[in-house]
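Thanks for coming, everyone. Let me put the structure up and walk you through the fold.

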Amino acid sequence: MRTLEQLAVLTDSSFSGNKDTKIHSVADLKEASEGQISFVNNNKYLKHLETSNASAVIVTHEIAKSFKGNILINENPYMAVAHVIEILHAEPKPKAVIHKSASIDESAVVHESASIGPNVVIDEKVEIQAGVIVEAGCFIGKNSILKKGIHLYPNVTVYKDTIIGENTIVHAAATLGADGFGFAPTPEKQWFKILQIGNLIIGDDVEVGANTTIDRATLGSTKINNGVKLDNHIHIGHNVTIGEHTVMAAGTVVGGSTSIGKRCQIGGASALSGHIVIADDVILTGRSMVTNSVKLAGVYSSGIALDENKKWRKNAARFRKLDDLAKKVKNLEKKLNEK
Amino acid sequence: MRTLEQLAVLTDSSFSGNKDTKIHSVADLKEASEGQISFVNNNKYLKHLETSNASAVIVTHEIAKSFKGNILINENPYMAVAHVIEILHAEPKPKAVIHKSASIDESAVVHESASIGPNVVIDEKVEIQAGVIVEAGCFIGKNSILKKGIHLYPNVTVYKDTIIGENTIVHAAATLGADGFGFAPTPEKQWFKILQIGNLIIGDDVEVGANTTIDRATLGSTKINNGVKLDNHIHIGHNVTIGEHTVMAAGTVVGGSTSIGKRCQIGGASALSGHIVIADDVILTGRSMVTNSVKLAGVYSSGIALDENKKWRKNAARFRKLDDLAKKVKNLEKKLNEK
Amino acid sequence: MRTLEQLAVLTDSSFSGNKDTKIHSVADLKEASEGQISFVNNNKYLKHLETSNASAVIVTHEIAKSFKGNILINENPYMAVAHVIEILHAEPKPKAVIHKSASIDESAVVHESASIGPNVVIDEKVEIQAGVIVEAGCFIGKNSILKKGIHLYPNVTVYKDTIIGENTIVHAAATLGADGFGFAPTPEKQWFKILQIGNLIIGDDVEVGANTTIDRATLGSTKINNGVKLDNHIHIGHNVTIGEHTVMAAGTVVGGSTSIGKRCQIGGASALSGHIVIADDVILTGRSMVTNSVKLAGVYSSGIALDENKKWRKNAARFRKLDDLAKKVKNLEKKLNEK
């Protein structure tokens, strides 16, 4: 519980209204009730502002001009609300205990401030640093290093030799450091497995979504750099590099040996071929199909979006003869010029 | 083991042939042998009817007119076979025991008729109602409620505060209620995590496929309503709502805050952007790319389907100049009209 | 540690340079240092050959003509390096022990040479053959058979009745044999679950990627034949058959009852509809959308690849009127011919 004035100080905002208004939690504009603070980040929700039962609202200076009520004023309301949520809702860390059902190899080193949940398995020579939380059912393969403040949610699998940076968060059922998909074709048209002897290195402040997989390198390292945020159900192939502070939405697949720059924003359900290079500051809209390197920062897209099935069928059928159509047009131009 | 007559009564079908024919199990028309019943749901399998070794077949009235043999006659053979499979093949529920290796917090309430498998972890204040089955390795986060008759297959992770409705089935390695993908951009072009303090509410009779992920809400609730069926490898973002009896095939990705109507059928590998609204009774064919709201019931599609690589390359290259092509055609029309 | 000469003999290669050169490990051309061997598989990496610090390099006869140094010469350098990695880096198998925290039903049969990790659960009547490795947290459902030499990485879930062939590798958090997505529509527009009473049969020398899901059959068997390699995040629906030595890259979704031939190469993020047949030796490039059967071997593609967002928007808008455009062109041709 904080007052409006306290929240203003804590979030580096100004305020207007009753400074002693008591705020216990954060809620959506439409669902908020007394004691709750909400926010307007997007003009399309302005209509809900007048009718909201929130005791206070976080708004921009612009909106503040026309709204009477208890407000926190901040040029970045989304950032301010992120801070307010943290102030009002952050939970205490779990106690630093090692659950009795955990299996920890005697050569592993677990810091006394770490919390190790039920059924966690920690293999040979693993290093678990201060404040790390490893929830139930996680497996940490040998020689792996989990640096300070990491939080692994339940049922995460970390293969051997993986290094994870400070304060990184990994959600449930993610798989880190599994074998890359590497096979040599044999003369008999079969596939001979190439042992994947590289590893996976993840930086600080990274977030890895639930059921996401990041493969180890064939040789060398797959590298997820500081501040990268990966959503759920992402696949990162072997020997990929992702630059600092790049974000990637759910369901994206990145082929082996591809390199993605810094501060990129990759829309969900995108597919990037292997062995390509994406420059810094590239934005890909959702469902992008990327088969070649992208050398310049900018916004890129691909694909055919939804249409009525009947219309789509006709257009899609024409696409299959698009080259013919273009030739016809060229012919027509020629003919017309000759006349 | 049942007789043909008994199966007719139990499935509300009529029959023809020897009423005492003994049926012990169900099989495909091509693979069935004595004592087995099969079905014809699709005219393209009619050819296998005459040569099948099945002791009986479930057919429509239409097919029944021309086929001599032991038959169950039902206008919906697919539904009838579903019932027959249940009658002949349903397995007894596992015993209501709590495996000795399960870790159950003392503040959790587990109904005496529930079955809790090996290495299951049940956190503080969880409520497990009557007849619930939680298989090996599942994790149930604090304050979560698992209502009557739920079946969680092995290695499912349920985050805190999740509510799951009666008789819902969740397959292996699914993750329910993980953090939404929410970050506020900082002035330094980095991303500040927004704590995800909402939850996930799943209705009754829902099925969630293996390795599917459904995120909790940022604020408020992500809602999967009664009777929704989700296949494997689906991603449902934070604050999504899915209406009753909607089905969604494998590999589909739904962005945050999107709302999908009732009785929709979403084809596999589709991608729906965040913040859009899909009306009731919308059918999306497989691999749909949905970037805008769909306001009317109907069938919708998108994408470019497979072609020989050589042809596709030519057509795809033309697509990159489609706007030019359309302008050329407009010019040609103008010129021709001027002549 | 081996000498250059020894590696030549073991990999059936010739060599040139100092036969006693000592090699302890394999590394990328750019990262290699003394005591390491590298390889050139691709002409585009030739430029790194002269400057590499590798003590030896695996090359083709062609490259060998112009390069002076310690070389292993092999027409298939990729295969040779795969062998060298195995020779220098293969790890000893884990000891044949059953971890004390494993829960093994008394009716299960586990070969004395198998290795069963912590918290593994083995259900009734399971058969685990010689040399099998089951890592931590795996669940093996009743009646399943794991043949000789199989390796299951941590947190894999195997449903009942699954049969897995010799030397098959399954990566973490994969789900094998979960229910197919089968529901009969009811008159009330709801969905009635069809019990999935078939099973899953996986052949020898198969590899299944992390978080991949393969469903059991509704009736009969889903079949993954010998030598198939599946990458991460793949979904294989019920009753699918995949022919021998087919490889499939990450994020691909295969609908139910589809049959894929032998020696196919399926690019990543592809989507194959249900109930279709793909011939032997078909190559699909990445992100293929396959809605119909493919009857002939060959290379196939689909989709629209990335473009600048502004250009793409214009072209994509034109696509929605492509049928009209084609009609206009037809009209123009007609008019011009009439003149």
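Helices here are DSSP runs of H or I with at least four residues, and strands are runs of E with at least two, numbered from the N terminus. Keep in mind that this is a predicted model.

Counted that way, chain A has five helices and 39 strands.

Now the overall form of chain A. Its C-alpha atoms fill a box of roughly 80 × 65 × 35 Å along the principal axes.

What about contacts? Take those in chain A with a separation of 6 or more: 22% of them come from residues 24 or more positions apart.

Next, the domains. Chain A splits into domain 1 (2-89), domain 2 (156-300) and domain 3 (309-338). The centres of domain 2 and domain 3 of chain A, over C-alpha atoms, are 39 Å apart.

On to a sheet that involves both chains. How many strands form this open sheet? There are 11, and the pairing is mixed. The order is β39(A)-β38(B)-β36(B)-β33(B)-β30(B)-β27(B)-β24(B)-β19(B)-β16(B)-β13(B)-β10(B). Its edge strands are β39 (307-308) of chain A and β10 (115-116) of chain B, each pairing on one side only.

Let's zoom in on one pair. In chain B, strand β16 (residues 151-152) and strand β19 (residues 169-170) run parallel, joined by two bridges. Which residue of β19(B) partners B:Leu152? That is B:Val170.

I'll stop there.

Notes: Residues numbered from 1 in each chain as written. Chains lettered and ligands numbered in written order. Predicted model: local features only at pLDDT ≥ 70, side-chain atom pairs only at ≥ 80, totals over all residues. Pairing = 2+ DSSP bridges. Contact = placed C-beta atoms within 7 Å. Domains from an automatic or database assignment.
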